[in-house]
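Hi,

Here is the structure we talked about. Please open it first, then read the notes below.

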Amino acid sequence: MTKNVTVEKSKTSKIHDVDFDNLSFGSVYTDHMLVCDYVDGAWQTPKVIPYQPISLDPSAKIFHYGQSIFEGMKAYKDENGKAWLFRPLENFKRFNKSAKRLAIPELPESHFMDGLTTLLQVEKDWIPQNPGSSLYVRPFILASGNGFHASPADEYKFIIACAPSGAYFSGKVKVLIEEKYSRAANGGVGYAKAGGNYAGQFYPTQLAVEKGYQQVIWTDDNTHEYIEEAGAMNIFVRINDTLITGPTSDRILDGITRKSILQIAEDQGIATEVRKITVSEVVEAAKNGSLKEMFGAGTAAVVSPIAAFGYQGTDYELPELEQSYASQLKQYITDIQNNRIEDKFDWRYPVD
Ligand SMILES: Cc1ncc(COP(=O)(O)O)c(C=O)c1O
């Protein structure tokens, strides 16, 4: 089937200026981007065009009412040079779930998938092959329609930009369990990937960084007694040999890495529980030695082991394990993503 996407190639390329052996996360961008406008009540034909700034009127509603959503995914290149995505239809479904919550018109699947695969085919040389690197892919929608009236815009832009990237965190992270601020509330937008969710986290995270932590672990807004998630990751806790993660809700993003890890763990015979996790049980487990691991899981960081957590002025260290669930699960998921092992769950998606 032919794809309804137009392509305008850039006359020059920046690729030779990029040091693929020393990539940071998400700070250099490829030569092209996908742009698709919503005007006159319909999403128009997506276009691959040279990467460039966009022009918006100062009254565009994105600036005033924060009507914006995004996704985060990665493209990988295997040792034969073939390009792959990981469960992109899950990102598409979540994108539209976020769109609905933010009163943004939902995108047809073909606009998302054809736009994404066409862009990645054009940018294939930008997908790194170095271990631990990938092409981070950022689809987003912003309200480009004008007006100071606090109501949904009548025009939007769907854009995909890509950044060849290395690791999100270097090494283990130290986190602070939040006791005052909240990321999300029942009935709110916590389950959506809405830009404003992240803006609201920056200040409490800055306070945590000033105290020597890299990340905040969000707790429920009502009691602050339950562990919910980290900045851009879902949280797993291993008590004795059971791997536990909280249930998704109005307040928690339904992470694709989270659900993949749960499935892999179950397949590998690791006992899993999806249930509310109290801060007090984690503190108690840290004190009595049954807390073996804590890690974050998300597309950007994949699996990010937590070295220590702070709570009510005390730091609790986690043990250094030779064979951790975190490293076992990370190895397996990255092996699937990079086409190094059989894809028994049917998660890999060919770009070309
Ligand atoms: C708040 C939040 N939680 C969890 C995740 C992990 O989701 P995923 O595994 O789909 O990347 C992300 C990142 O997308 C996030 O922003």
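**The ligand and its contacts**

The side chain of Arg94 has an N or O atom 2.7 Å from an oxygen atom of the ligand. That is a polar contact, a pair of N or O atoms within 3.5 Å (within protein, one must be able to donate a hydrogen and the other to accept it, and residues adjacent in sequence count only if both atoms are side-chain atoms). The side chain of Tyr198 also has an N or O atom 2.5 Å from a ligand oxygen. Ile256 uses its backbone: an N or O atom there lies 2.8 Å from an oxygen atom of the ligand. On its own the ligand has 380 Å² of accessible area, and the protein covers 97% of that. Areas come from the Shrake-Rupley method with a 1.4 Å probe; for residues, only the protein chains shown count as cover.

Please note that this is a predicted model: local features need pLDDT of at least 70, side-chain atom pairs count only at pLDDT 80 or more, and totals for chains, interfaces and linings use all residues. Residues are numbered from 1 along each chain as its sequence is written, and side-chain values use heavy atoms, with hydrogens and water left out.

**The shell**

The ligand is surrounded by 16 residues, each with a heavy atom within 4 Å of it. The closest are Lys193, Tyr198, Glu229, Thr257 and Thr299. Six are nonpolar, six polar and four charged. Here Ala, Val, Leu, Ile, Met, Phe, Trp, Tyr, Cys and Pro count as nonpolar, Asp, Glu, Lys and Arg as charged, and the others, Gly among them, as polar. α5 (256-267) and β15 (291-298) each supply at least two shell residues. Helices (H or I, at least four residues) and strands (E, at least two) are DSSP runs, numbered from the N terminus.

**The pocket**

Where does the ligand sit? Its space is the largest pocket, with more than half of its atoms within 2 Å of the grid points. A pocket is an open set of points on a 1 Å grid over the protein atoms alone, with protein on both sides within 12 Å along at least five of seven lines; a cavity is a set where a 1.4 Å probe fits but cannot get out; lining residues have an atom within 4 Å of a point.

The largest pocket holds about 690 Å³. It has 36 lining residues, with Arg138, Tyr168, Tyr198, Ala232 and Ala300 closest to its centre. α4 (195-210) gives the most, with five residues.

**The cavities**

The whole structure has two cavities of 30 Å³ or more.

Methods. Points joined across faces, edges and corners; volume = space filled by probe spheres on them.
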